[in-house]
Amino acid sequence: MRLPARPAPARLVLARLVLARPALARVAALAAAVALALPAGAAAQPVTKSPARPAVPGASAAARAEAPVVEKVDPPNWWAGHSINPVRLLVRGRHLAGARMECARVTCGAVQVNAAGSYAFVDVTVPRGARPGTYPLTLRTRGGRAEIPFAVHAALPAAGRFQGFDANDVIYAIMPDRFANGDTTNDEPAVSRGILDRREARRWHGGDLAGIRARLPYLRDLGVTALWLNPIYDNTNTLDTVETVAGRATTAYHGYHAIDFYGVEERFGDMAEVRRLVDEAHAQGIKVVFDMVANHTSAYHPWVQDSPTPTWYNGTQREHLANTWQGWTIADPHSTPEMRRATLAGWFGGFLPDLNQDDPEVARYLVQNTLWWIGMTGIDGIRQDTWQYVPRPFWNRWMTAINREYPRLRVVGEVLEGDPALNAFHQGGQVGFDGVDAKVQSMYDFPVYFALRDAFARGRPLRQVALMVGRDRLYPNPDMLWTLLGSHDEPRFMSEEGATTAGLKLAQTFLLTYRGIPLLYYGDEIAMPGGRDPDNRRDFPGGFPGDARDAFAAGGRTPAEQDVWAHLQRLLRVRRERADLRTAPMVHLHVADQQYVYRRGRSVVALNNDAQPAEIRLPAATLPTTPAADALALCPAPRRDGEAVVLTVPARTGCIF
Ligand SMILES: [Ca+2]
Ligand SMILES: [Ca+2]
Ligand SMILES: [Ca+2]
C-alpha cells in the first residue's frame, strides 16, 4: 500500500515521498530532519469517528446463564497430516463464558474465552489419516450447548500447484475490480448494495474473478506466465466514512480493507470461483499469486469493536498512534524501539486498525490463515502488503510455517522505498543486525523502478539506471527481485512528465531483459494513462458491459496501443525463447550518459535513450561471439571493425542481439 489518499500532515507526506525517491544523498538529510521533527508518538491522533456497529454487551452473570450462540469459526476446516496440528480455532459468538468442548473423532483442548464471552479459542488435533468430512464440535456451557461446524478436507494434489515463482516467470498484476466484469449478477450483492458506480473512481466498478478467468486466453496470448491479484478477502460492505477524501466517503474496491480473512469478497465471487480461476490458470500454464495483508484490517472489521484478546490491535479505535512511515528506523542499527514504535504499531493512514503480531494469538491466527488460503486454492505465491510495518520476528515465524508446509511456494514483500540499502535489508537469506532472518525470497525492485521512470519517461540520464543495477551487491539474491515499471500504487508510466510510447517501449525492453522477475501492471501493455491513485486504476477498456471498445482484441486498440502491445508480446516471446535473458548473469559492457549495453549469456542488449542515434563500439574480446541480428528487428546487424564490434542503435530504441 502506498500513502493513503486521505490528506495527511504535510510533513508526513514529505517524509514518505522523500524516502521513496532515489536521489539518496540529497534526500537523506531531509528525511533525517523530518524524522527529528516527528518523535515517536508525536503523530498520535485519536480517531473521533467510529463505524456504526452495535456495541457487544459485557458478560454479566445473567448473560452467562443464557444458551451459547456460535456465529463464526476461523478456520472452518483443516487437513489431516498438516504441519500445523493442533489447529487453533477462533470461535465468535455470544454467551461463551465457561465453555468446554465435546468432540468426536478429533481431540479438542481446553477452551479460552475472552472477558466479553464473545470469542473462544479451541485447539483441535486432527488425527493422522482422518477421513475428509464434517466433524461437528459441541461447545457446552451452563446455559446450554451449540454446534461448531468444522470439516477435514482432502489436501489438493500438489502436482501443478504451490509452484513458486522465479526469473522464468513474467507476472501480470490485476486489480480485480478494474479488469473485467464477467458476472453482472454479483454487481449489487444484498450484503453490500448501493456502493457501485463506474463514474466514481473510489467506488466499486464490478470487475470480478469470472472476468479474469474469461481473459486467461488474452494473457496467454500476450505471453505472461503468472498473475498477481490485489486482495480478494471479504472487504468492507458499506461506504467507508472513516477513510474519507475531501470529505467524501470511499469504498474498499482495492481489497486492502478486510472484514473477514476467511471470506471471499462477494463482488469478486466465492471460494468455488476462486478455485475455478486458479485451476483454469494452471491448466493454461499460468501461475497465481495472491495478495495478503497481515498488518491491518478494515476499520469495519468486527474485531475493532470487540477483540478476541485485549491486545489484538496496537491501541484502540479511540486511542492509537498513526503510522509515521519512518521505514528507515527498522533498518537502522542505531535506532531505538521508541523510534520504531509508530512505524510498527501506528495505524496505516491513521485509520486502519493495526494488528499486534506480538500477541501470540494474533500471530497464530495470521499464520494459520495464510496456510488455509494456500491449502484451499493451490496458489503458487504470495505478495505480502506493508512489509516494513510488521515486526520482523513475526515474518520469520510466518515464512518458516509456509516453507515447512509448501517449500516451493515463494513470497514477495512490499517495501515501497527507493533506497536499495533499505530494500535489501528486508530480503531473506541473511540475519540482520536485529538477529532476524525474515526469510522472504523476494522484494520489489523499486530502487531501479524510480531510476527507470526518470530515464525512460523524463529523459534523464540512463546512466543512473545502470548505476542502480550496480548496487545489486547489497541484496542476498537480486535475481529474485520483482522488477516493474508500473503498479497500482504509482502514477502510470504514460502520465509521467515527458512520457512517450517510444520511451515506454524502451523501458519494456529493459524490463524484460535485465535481471529479476518482470511484473507488468494491467493496462501498461496498451499504454494506458493515469495519474496518482485512484486514477492509475482505471477500468480496462472492453472489460465491462457497455464499453465503447474492446482493447482485449487487436481491432479495439488504437494504432499507438497496438504498437506497444505488439512490441511487448514480441519481447515476451524473445524472453521465452532465450533462457539467457531469464537466468544468465548480467554483465555490464558499456555505460554512458544515455546508452547502456549489457550481456546475458550470449545475448547482448543495447539501449539508447538519446533523441539521436548512437554508435557504440565494444571491444570484441568482451563478447562471446559476434552478436547476431537484433531479435526485435529495430537495429541494423552489428559490424566488425578491427578489434571492435560496432552497434548502431536508433534514437529511443533498445535492441537484443
Ligand atoms: Ca461483477
Ligand atoms: Ca464484502
Ligand atoms: Ca503494524
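## A tour from the loops to the sheet

Begin at Pro 534, in the loop between β22 and α16. This is a predicted model. Select Asp 533 as well: the peptide bond from Asp 533 to Pro 534 is cis, with omega near 10°.

**Another cis bond**

Move to Asn 85 and Pro 86. They too are joined by a cis peptide bond, with omega about 10°. Pro 86 is in the loop that runs between β2 (77-79) and β3 (87-94). Most residues other than glycine have a negative phi, and most peptide bonds are trans.

**Two residues with positive phi**

Select Ala 246. Its phi is positive, about 50°, although Ala 246 is not a glycine. Look for Ala 246 in the loop between β14 (240-245) and β15 (248-250). Does Ala 246 count as buried or exposed? Ala 246 has 7 C-beta neighbours inside 10 Å, so it counts as exposed.

Now select Trp 325. Trp 325 is not a glycine either, yet its phi is positive at about 60°. The loop to show is the one between α7 (302-305) and α8 (328-331). Here the count is 31 C-beta neighbours inside 10 Å, so Trp 325 is buried.

**The whole chain**

Zoom out. The protein chain has 17 helices and 29 strands. Its radius of gyration is 26 Å, close to the 26 Å from the globule rule for 657 residues, so the chain is as compact as a globular protein of that length. The C-alpha trace spans about 95 × 55 × 50 Å along its principal axes. Of the 657 residues, 52% count as buried. Take the contacts between residues at least 6 apart in sequence: 74% of them join residues at least 24 apart.

**The eight-stranded sheet**

Show the strands β20-β19-β18-β17-β12-β11-β22-β21. In that order they form an open sheet of eight strands, with parallel pairing. Which are the edge strands? They are β20 (442-443) and β21 (482-484), each pairing on one side only.

Select β18, residues 381-384. Strand β17 (residues 287-292) runs parallel to β18, and four bridges join the two. Check Met 292: its bridge partner in β18 is Gln 384. Then turn to β19 (residues 410-413), which also pairs with β18 in the parallel sense, over four bridges. Gly 381 stands opposite Arg 410 in β19.

Stay on β18 and look at its faces. In a regular strand the side chains alternate between the two faces of the sheet. In β18, Gly 381 and Arg 383 lie on one side, Ile 382 and Gln 384 on the other. Each of these four residues is buried, and both faces of the strand are covered.

Go along the sheet to β11 (residues 171-174) and β22 (residues 517-521). Three bridges join this parallel pair. Ala 173 stands opposite Tyr 521 in β22.

**Two packed helices**

Finish with α15 (residues 501-511) and α16 (residues 559-577). Their axes are 10 Å apart, and the helices pack at an angle of about 10°. At that angle, α15 and α16 are therefore roughly parallel to each other.

Show side chains at the contact. From α15, select Thr 501, Leu 504, Lys 505, Gln 508 and Thr 509.

Notes
Residues numbered from 1 in each chain as written. Chains lettered and ligands numbered in written order. Predicted model: local features only at pLDDT ≥ 70, side-chain atom pairs only at ≥ 80, totals over all residues. Rg over C-alpha atoms; globule rule 2.2 N^0.38 Å. Buried ≥ 20, exposed ≤ 12 C-beta atoms within 10 Å, placed from the backbone. Contact = placed C-beta atoms within 7 Å. Axes fitted to C-alpha atoms, helices over the stretch in contact; angles between N-to-C directions. Parallel < 35°, antiparallel > 145°, perpendicular 65-115°, else oblique. Pairing = 2+ DSSP bridges.
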